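Trainee: Could we go through this model together? I would like to begin with the ligand.

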Amino acid sequence: MHVQVISSVNESCSAKFHHKTALVIDVLRATSTIVTALSAGATSVVPAETVMDARAMQLPGDILGGERFCRKIAGFDLGNSPNEYTEQSVGGRRIILTTTNGTRGIHKSMRADHIIVASLLNAEACARYALELRRDIVILCAGSHDDFAIEDGLCAGLLLDCLKKQSSNPIDVDDFGHAMHSLYRDRADRVFETLLNSLSGKRLQKLGSRDDIETCSTINKINHVPYLNGDQLILR
Ligand code: MLT
């Protein structure tokens, strides 16, 4: 099985996903939020590319969530903090979500045979499911401002660690993947600190969202795997 790691949404093109399983990562915060929302009982999450698309898709009873410039969008019900997505706020509801990088990454992966939403919170469960699907894998780090973001690379490294530990067959990894695996092994005991010192982490701290960084930095707390079914993300 071959695993390729793409450093940012900007570096991805649809041909790279053909016949593959895509694992999309946006640790701070879109994919952490999606996993949290579905685990809290949301029926599904529909990733929308633009604010206009999100508004157009909303049906009575749906929740509109997301961010631009890390802030809640005017008129939306929720922002992009995983801590807002509780059983009380989203249980039994469909969520239409649009974020700057995370939902864009999901849309960029649409040519893949399977799309899985991964984060530090659910990496082990995602790796297990990806192995079951028996396709080559593309790990897409969504990144931030069209650039690589270290927290996504760290999660890619964790996914590779889980894939290698769980697979009974050899896993062939590209050079960037090797680098991310080394990064993860180097930082495994300093994940929260690494996220705090990342560019996205600093930006979120300035906006008063330090709690979100703590929430998103917990490893393998959730055993659920969101995957794309039609245009909706649901739990496996
Ligand atoms: C994104 O999708 O760009 C991020 O999740 C931004 C954020 O942290 O709100």
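Trainee: How far is an oxygen atom of the ligand from an N or O atom in the side chain of E67?
Mentor: The separation is 3.4 Å, which falls under the polar contact cut-off (a pair of N or O atoms within 3.5 Å). Please note that this is a predicted model, in which local features need pLDDT of at least 70 and side-chain atom pairs count only at pLDDT 80 or more, while totals for chains, interfaces and linings use all residues. Residues are numbered from 1 along each chain as its sequence is written, and side-chain values use heavy atoms, without hydrogens or water.

Trainee: And what about T99 and N101?
Mentor: T99 places a polar side-chain atom 2.7 Å from a ligand oxygen. For N101, the distance from a polar side-chain atom to an oxygen of the ligand is 2.7 Å.

Trainee: How much of the ligand does the protein bury?
Mentor: The protein buries 96% of the 270 Å² that the ligand exposes when taken alone (Shrake-Rupley areas, 1.4 Å probe).

Trainee: Which residues surround the ligand?
Mentor: They are D26, L28, R29, A30, E67, C70, N80, T99, T100, N101 and G102, each with a heavy atom within 4 Å. By class, three are nonpolar, five polar and three charged, with Gly counted as polar and Cys as nonpolar.

Trainee: Changing topic, why is α1 largely enclosed?
Mentor: Helix α1 spans residues 30-39 (a DSSP run of H or I, at least four residues). Nine of its ten residues are buried, so the rest of the structure largely encloses it; buried means under 20% relative accessible area with a 1.4 Å probe, protein chains only.

Trainee: Which ones are buried?
Mentor: A30, T31, S32, T33, I34, V35, T36, A37 and L38. A30 also belongs to the ligand shell.

Trainee: What comes just after α1?
Mentor: G41 does, with a positive phi of about 105°.

Terms used
Buried means under 20% relative accessible area, exposed over 50%, partly exposed in between (1.4 Å probe, protein chains only). Helices (H or I, at least four residues) and strands (E, at least two) are DSSP runs, numbered from the N terminus. A polar contact is a pair of N or O atoms within 3.5 Å; within protein, one must be able to donate a hydrogen and the other to accept it, and residues adjacent in sequence count only if both atoms are side-chain atoms.
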